[in-house]
Amino acid sequence: MMRLDKLLAHLNFGSRKEVKELIRKGYVVVNGETVFDDDFKVDEKNDEINVLDNEIKYEEFVYFMLNKPDGYVSATFDNHQPTVIDLIDGYERRGIFPVGRLDIDTVGLLIITNDGKLAHKLLAPKSHVDKKYYLKYDGKYNKSFEEKFKAGITIDDGYTCLPATFENIGEGEAYITIREGKFHQVKRMMEAVGCEVTYLKRVTFGPIPLDESLKEGTCRPLTEEEIKILKSE
Ligand code: URA
């Protein structure tokens, strides 16, 4: 059970003050009865709630696919830079956060949710969720890259990465698939083979590919099917 005004605020019908106003004006009907009391308790999962004749549906967990643009921080709050959460309009009060991090200048697929349990599972080191990146780089391609990535690249702090995949797709362009998420990992792996990443885009997260119809800076809810697939990862 939860307070009606809190529920409506969560669902972005307005601030707590604005939704109290909606209730007092008699715009909210619960199980066929108009409710004027903002501290009225509702069963958010089972009660039939109408606001201005529209039935509302409360979903505890929300899941989005964002095509992250350059210049946004993968965090819920930052003192200086805009965050990826600023790009998900209307869900500020739902406790959403990005599942993992992309560097500020990395673009592409980022999952945003308020499902902490799923996020935790996907990010746990032992989950080994594959993340595939498209990159452009300065430096010379060498045939040994495929083997070196497969064997495990040792990066600047001495850490040897888990086996990864390097796919050469042309002059200064490649796909790299990693199963970990160390800080700046792809950039540091490329540095270790004498190259510098100039553009980085995540194109898959586990079994979920980036929806290429999503413009950078836009998001869409994950489909039921995508949520199911992610949960079974
Ligand atoms: N590797 C990087 O170097 N940066 C990212 O944002 C993601 C992976």
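View 1. Because domain 2 (63-125 + 208-232) and domain 3 (130-205) both give residues to its lining, the largest pocket sits between them; the domain bounds come from an automatic or database domain assignment. The model is predicted, so to speak of local features we ask for pLDDT of at least 70, and side-chain atom pairs count only at pLDDT 80 or more, while totals for chains, interfaces and linings use all residues. Residues are numbered from 1 along each chain as its sequence is written, and side-chain values use heavy atoms, with hydrogens and water left out.

**View 2. The lining of the largest pocket.** This pocket holds about 620 Å³ of space. Of its 32 lining residues, R101, E180, G181, K182 and F183 are the closest to the centre. On a 1 Å grid over the protein atoms alone, a pocket is an open set of points where a 1.4 Å probe fits, with protein on both sides within 12 Å along at least five of seven lines, and lining residues have an atom within 4 Å of a point. Grid points are joined across faces, edges and corners, and the volume is the space filled by probe spheres set on them. At least two lining residues each come from α3 (116-123), β10 (131-138), α5 (185-192) and β13 (196-205), and β13 gives the most, with 3. Helices (H or I, at least four residues) and strands (E, at least two) are DSSP runs, numbered from the N terminus.

**View 3. The second largest pocket.** Here there is about 350 Å³ of space. Of the 16 lining residues, E59, F61, V62, Y63 and P221 are the closest to the centre. Both β7 (63-68) and α6 (224-231) give two or more residues to this lining, with α6 giving the most, 3 residues.

**View 4. Helix α6 and its two faces.** E226, I227 and L230 are the buried residues of α6 (buried: under 20% relative accessible area; exposed: over 50%; 1.4 Å probe, protein chains only). They cover an arc of only 100° around the axis, which puts them on the same side of α6; the arc is that of the directions from the helix axis to the C-beta atoms. Exposed E224 and K228 are on the face turned away from the buried side.

**View 5. Helix α2 and the residue after it.** V19, L22 and I23 are buried in α2 (residues 16-24). Their arc of only 95° around the axis puts them on the same side of α2. Just after α2, G26 takes a positive phi of about 85°.
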